[in-house]
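Could you walk me through the folding details of this chain, from its strands and helices to its ring and charge contacts?

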Amino acid sequence: MANSIKARFRDWERAMTRRFGRRIDTPAERRGAWLHFNLIDHAFLRTVWWNLEEIAPGIWRSNQPSPRRVAYYARLGIRTILNLRGEKRHSPYLFEREACEKHGITMLDIELSARKLVKREALLQLIGLMRQAERPMLMHCKSGSDRAGFAAVIYLVVVAGKPLAEARRHLHWKYLHLKSTDTGILDHVLDVYEAETAATGETLEHWIATRYDDEALTRSWKAGRR
């Protein structure tokens, strides 16, 4: 019964996205996209809850910003927004891209997942984007809980040179990241890295480039949950 209700809700969400969330060219399309942004993407919840924090000098993490928040970030001096949700033609992306262009902010896109590990190449691309981005920079996902937390860990360890134990606090329930759920697979990646490099001190970037295997990590994650 519960699965059936969930499936119907997902079908409704997809139908709403197809109908309302893909264009903002006309006033009618913009109104429909704004409805989609607030109801389907839950922007109304993010009106006062930004999940915003400066993780290092000039480097911020947050949830999905609205156009008004992009304008606020521009006034703060943010030069780059790193969008961890990928380049997708739906309302949050369209409104954010438009707002960044309006306010002179560079928007970089890469798609991560909160519950499924991406390929090695994507993580190496993420590191490259972090290094090339003009500061100050803000990075975000939808809720700012999981993908933004994982990206914050990678930034702090690989780019800023912080200890992993210190950086891992960004995958924490205070940002609404819950290790006990499916998003705990992100913590598992770091657990395996620590275990495999305890004796060698291999850097996280080198481990990602040479030993990170999304399929093997997914199998070991699932095996540990049985």
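Here is a short tour of strands, helices, rings and charged pairs.

This is a predicted model, in which local features need pLDDT of at least 70 and side-chain atom pairs count only at pLDDT 80 or more, while totals for chains, interfaces and linings use all residues. Residues are numbered from 1 along each chain as its sequence is written, and side-chain values use heavy atoms, with hydrogens and water left out.

**Strands**

Helices (H or I, at least four residues) and strands (E, at least two) are DSSP runs, numbered from the N terminus. Two strands pair if DSSP finds at least two bridges between them.

Let us begin with the hairpin. Strand β1 (residues 53-56) and strand β2 (residues 59-62) run antiparallel to each other, paired over three bridges. E53 has R61 in β2 as its bridge partner. Two residues sit between the strands of this hairpin, and G58 takes a positive phi near 80 degrees there. R61 has another contact: it lies over the face of Y175, 3.8 Å from the ring centre. For such a contact, NZ of Lys or CZ of Arg must be within 6 Å of the ring centre and within 35 degrees of the ring normal.

Further along, strand β3 (residues 80-83) pairs with strand β4 (residues 106-109) in the parallel sense, over four bridges. Opposite N83 stands D109 in β4. Between β3 and β4 the chain passes through helix α4 (residues 91-103), giving a right-handed β-α-β crossover. Right-handed here means that, with the strands pointing away from the viewer, the path from the first strand over the helix to the second runs clockwise.

Helix α2 has 13 residues and reaches 18 Å from its first C-alpha to its last, close to the 18 Å expected at 1.5 Å a residue. That expected span is 1.5 Å times one less than the number of residues. Which residues of α2 are buried? They are G32, A33, H36, F37 and N38, where buried means under 20% relative accessible area, exposed over 50% and partly exposed in between (1.4 Å probe, protein chains only).

Rings of Phe, Tyr and Trp (its six-membered ring) pair if their centres lie within 6.5 Å; planes under 30 degrees apart count as stacked, over 60 as edge-to-face and the rest as tilted. By this rule the model holds eight aromatic pairs. One of them is the tilted pair of W34 and F37, at 5.4 Å centre to centre with 50 degrees between the planes. Both residues lie in helix α2 (residues 27-39), three residues apart, or about one turn of the helix. W34 counts as partly exposed because its relative accessibility is 40%, whereas F37 is buried at 1%. Another tilted pair joins Y72 and Y73, with 6.0 Å between the centres and 55 degrees between the planes. Y72 is partly exposed, with a relative accessible area of 32%, while Y73 is buried, with 1%. Ring pairs also link W34, F37 and F95 into a cluster.

**Charged pairs**

Side chains of opposite charge can pair when their charged atoms come close. A salt bridge is a side-chain nitrogen of Lys or Arg within 4 Å of a carboxyl oxygen of Asp or Glu. By this rule there are 19 salt bridges, including those in the table.

| Salt bridge | N to O distance |
|---|---|
| E29 and R23 | 3.4 Å |
| D191 and K179 | 3.8 Å |
| R211 and E196 | 3.4 Å |

R211 is partly exposed at 38% relative accessibility, and E196 is partly exposed at 36%.

What about E29 and R23? E29 is partly exposed, with a relative accessible area of 26%, and R23 is partly exposed at 40%.

D191 and K179 also belong to a network of salt bridges that links R168, K179, D191 and E194. D191 is partly exposed, with a relative accessible area of 30%, and K179 is partly exposed at 46%.

R131 lies in helix α5 (residues 120-132) and is partly exposed at 44% relative accessibility. R131 and V159 are 28 residues apart in sequence, with 7.0 Å between their C-alpha atoms.
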